Amino acid sequence: MATINSKISEEIRALAGKLLEEKKIAAFLGYCQGSLPMTARPFVARTPEDTDKLIWNSFCVLNLANYLPELLKSLEPPRGPRDPAPEGPLPKVAILATGCWSRNIVIQIQENQVDRDRVVICGVGSRGMVAQAKVKELFDGREILEVIEEDHKLLVSGNGFNEEINRWNVVRDNCLTCIHPDPVIFDIRIGDEAGQRKNDNRFAEVEKIDNKSTAERSRWFTDEFASCIRCYACRNACPLCYCPTCFVDDAKPQWVGKSIDQVDTSIFHILRAYHCAGRCTDCGSCESVCPMGINMRILTKKLTSDVLNLYGSEAGMALDAPLPLTTYRQDDPQNFIITEQAADKEGE
Amino acid sequence: MKVYKFDKPGLEAWIKKWSETAPVFYPAPDASENCGIHPGWGKMTEVVLPQSSGPAKSSLKTFYFPQPEVLATSSLKKNDDDGLLLTEPAPVVEKQVVFGVRPCDGRSVELNNLPYAEEKLFQQNRERTVLVGFSCSEPKSTCFCQATGGSPYGIDGLDILISRQDDHFLAEIITDKGAKLAENGLIDAGSEEIAILEKLRRENAGNNDKGEKLKEKDLSSLYNASFWNRVSDSCLNCGACTFLCPTCYCFDIQDEVLHGRGQRIRYWDSCMFPLYTLHTTGHNPRGLKVQRVRNRFMHKLKNFPDRFGPLSCVGCGRCVVECPVNIDIREVMDDLLAVE
């Protein structure tokens with residue numbers, strides 16, 4: 001039976017094959033089948049033959065925009081830092097883009113990391129990606145050996161069990177609260193437009209923590225980040241993190257200690273989140289890739305809600321939208337500035 | 001080798017007794033009390049027997065190679081006793097027991113011991129740690145210990161190995177350190193039960209065929225193989241694989257100074273990070289992602305075996321399961337074997 005995703009996969013393969021055949025692009029950035037159940041592996045198709053491997057399913061959890069700046073750069077002829085840009089058009093890359101991924105591409109274009117003319121954006125409406133961890137939790141220790149995806153359910157099987165679960169029940173939290181599943185920018189559309197999704201309160205998970213007392217909130221923070229091993233999977237999976245040298249890797253000066261001590265991990269996570277303020281699209285890559293199951297996405301979600309409340313802005317919605325944190329307006333809210341009066345009031 | 005037999009309550013009572021004299025750690029993914037020291041391992045208050053298979057979330061190396069680990073201290077004040085001198089910290093000798101260790105993890109200690117044979121702190125931790133293993137009756141689909149030379153019933157590196165047999169348990173006392181936990185009054189296992197265990201061990205013995213084949217291959221053709229680009233295309237260059245890996249043992253040393261007191265501290269490092277090989281000149285011999293990915297696998301599957309013999313991989317499958325982009329070392333091994 002042809003499912004929505006199998007039809008999209010077919011379309012992707014045909015499109016990628018055609019673009020590579022006609023030499024319109026040098027590489028197609030998509031997904032291929034992973035080696036374990038519920039995994040899809042980011043994959044760069046460089047020849048028409050490669051495109052047979054391309055797939056699309058609910059396990060494409062990593063934001064492909066993450067690879068875009070580096071992939072584009074790797075296709076340029078090598079040159080030194082002061083050498084002039086080569087003449088003539090540079091090789092292009094086609095990339096799959098759901099709602100949030102497309103918004104990240106917009107941000108990369110706005111922040112001059114990606115040249116719009118070198119990308120062919122292939123928009124795919126997202127139906128929400130599945131959280132592997134949620135499925136595993138349902139099966140409590142029983143090893144899952146195969147998962148077959150249908151449009152609205154997953155058929156999960158292993159040694160001595162074969163069960164059907166509702167797909168929507170195991171969709172990632174960020175997808176459940178997403179209201180922009182359809183790409184905001186694309187050159188070619190694949191599949192159908194994603195339906196409008198309504199969500200009465202998409203910041204409920206943030207409010208739950210906001211409503212805690214300071215002591216409870218501190219406790220939540222300590223517990224949530226306690227198991228961090230500083231592998232930086234969250235940072236490296238993030239399409240916003242493209243600094244050549246990250247602040248945690250800097251040795252001169254060393255901004256933050258390298259240990260898994262609570263102070264060091266806290267600084268890393270808080271600063272990482274703040275670097276994403278006004279830029280994060282809540283794509284959920286960070287949370288999906290964490291080997292320790294830390295929900296660091298709550299931090300960036302909180303900042304998304306702050307930026308929305310303060311500046312009425314959502315990241316990457318349009319190419320000409322101003323970047324909220326690098327745009328000065330005379331009427332910008334300033335109540336975060338600690339004045340003498342405010343400090344006195346705090347002290348009372 | 002002594003082999004004792006227990007029923008479930010008997011085994012639990014035996015294990016519980018250890019915690020009277022030394023801290024007993026066990027795989028506890030949710031335990032936050034020890035996070036920051038041994039993430040993923042909890043201090044035992046109640047006995048929790050491991051499931052039938054699969055390694056703990058975090059590897060055992062945190063007990064042998066904890067981070068942060070202070071290597072030396074010093075004072076910046078000339079007139080202090082240790083003024084401008086590096087002083088080694090007093091040796092830690094307190095015993096600790098780690099329970100529920102899988103044979104793959106036990107073997108990792110032996111493998112790490114090859115490059116760390118003369119490393120004082122590693123040896124000190126080895127001396128004071130008693131490893132109580134739990135054999136794997138049903139290996140997971142991501143387990144491949146046998147393909148790396150290990151076995152689900154292997155005893156390498158362990159002091160005691162407990163195996164489940166029908167409704168009872170057999171505990172093999174492997175070393176003198178293990179014997180100290182087995183006091184008088186334990187019931188000897190019958191010869192028939194031991195024979196069953198020995199048979200299982202023989203039937204599930206590992207081999208290092210792939211490792212031996214890789215040893216014969218030419219280093220530079222493996223190094224220059226074209227498939228590395230494909231692996232690197234998907235790699236994020238994060239350190240999840242290296243930090244979860246029981247046989248990754250690379251470190252970074254930092255000097256931290258506060259109020260005139262200095263500490264020389266060892267942290268885990270990862271060959272996936274660009275800073276790992278960055279020279280003070282600014283040159284980076286492994287400046288590209290593909291070079292770093294290649295290094296990780298070449299080290300484990302070719303360079304380490306060429307120098308020490310076995311693969312630097314115990315087949316626990318942690319990197320396979322937790323890699324954010326599903327890079328599978330088993331596929332890389334096959335790719336390497338296919339290189340002409």
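Modeller: Since this is a predicted model, we begin with a term: pLDDT is the predictor's confidence in each residue, given from 0 to 100. Among the elements of chain B, strand 3 of chain B, residues 41-43, has the lowest mean pLDDT, 85, while helix 3 of chain B has the highest, 97. Averaged over chain B, the pLDDT is 91, and 97% of the residues score at least 70. The model as a whole scores ipTM 0.91 and pTM 0.92.

With that in mind, let us turn to the layout of chain B, which is divided into domain 1 (2-207) and domain 2 (213-338). The centres of domain 1 of chain B and domain 2 of chain B, taken over C-alpha atoms, are separated by 25 Å. Where these two domains touch, 36 residues of domain 1 of chain B are in contact with 29 residues of domain 2 of chain B. On the domain 1 side, the elements that give two or more residues are strand 4 (69-75) and helix 3 (103-112) of chain B, and strand 4 of chain B supplies the largest share, seven residues. Sorted by class, that side of domain 1 of chain B has 18 nonpolar, 12 polar and six charged residues.

Chain B also touches chain A, with 32 residues of chain B in contact with 30 residues of chain A. Helix 9 (227-234), helix 10 (240-244) and strand 9 (251-258) of chain B are the elements that give two or more residues to the chain B side, where helix 10 of chain B gives the most, with three residues.

Now for the helix. In helix 1 of chain B, residues 8-18, the buried residues are Leu11(B), Trp14(B) and Ile15(B). Seen down the axis of helix 1 of chain B, these buried residues fall within an arc of 95 degrees, so they line one face of the helix. The spacing follows a general rule: an α-helix has 3.6 residues a turn, so residues three or four places apart point the same way. On the other side of helix 1 of chain B, Pro9(B), Ala13(B) and Lys17(B) are exposed. As for what the buried residues of helix 1 of chain B pack against, the partners are strand 1 (2-6), strand 2 (24-27), strand 5 (96-101) and strand 8 (168-173) of chain B.

Terms used. Residues are numbered from 1 along each chain as its sequence is written. Chains are lettered from A and ligands numbered from 1 in the order in which they are written. This is a predicted model: local features need pLDDT of at least 70, side-chain atom pairs count only at pLDDT 80 or more; totals for chains, interfaces and linings use all residues. Two residues are in contact if their C-beta atoms, placed from the backbone, lie within 7 Å. Helices (H or I, at least four residues) and strands (E, at least two) are DSSP runs, numbered from the N terminus. Domain bounds come from an automatic or database domain assignment. Ala, Val, Leu, Ile, Met, Phe, Trp, Tyr, Cys and Pro count as nonpolar, Asp, Glu, Lys and Arg as charged, and the others, Gly among them, as polar. A residue is buried if 20 or more other C-beta atoms lie within 10 Å of its own, exposed if 12 or fewer, and partly exposed in between; C-beta atoms are placed from the backbone. The arc is that of the directions from the helix axis to the C-beta atoms.
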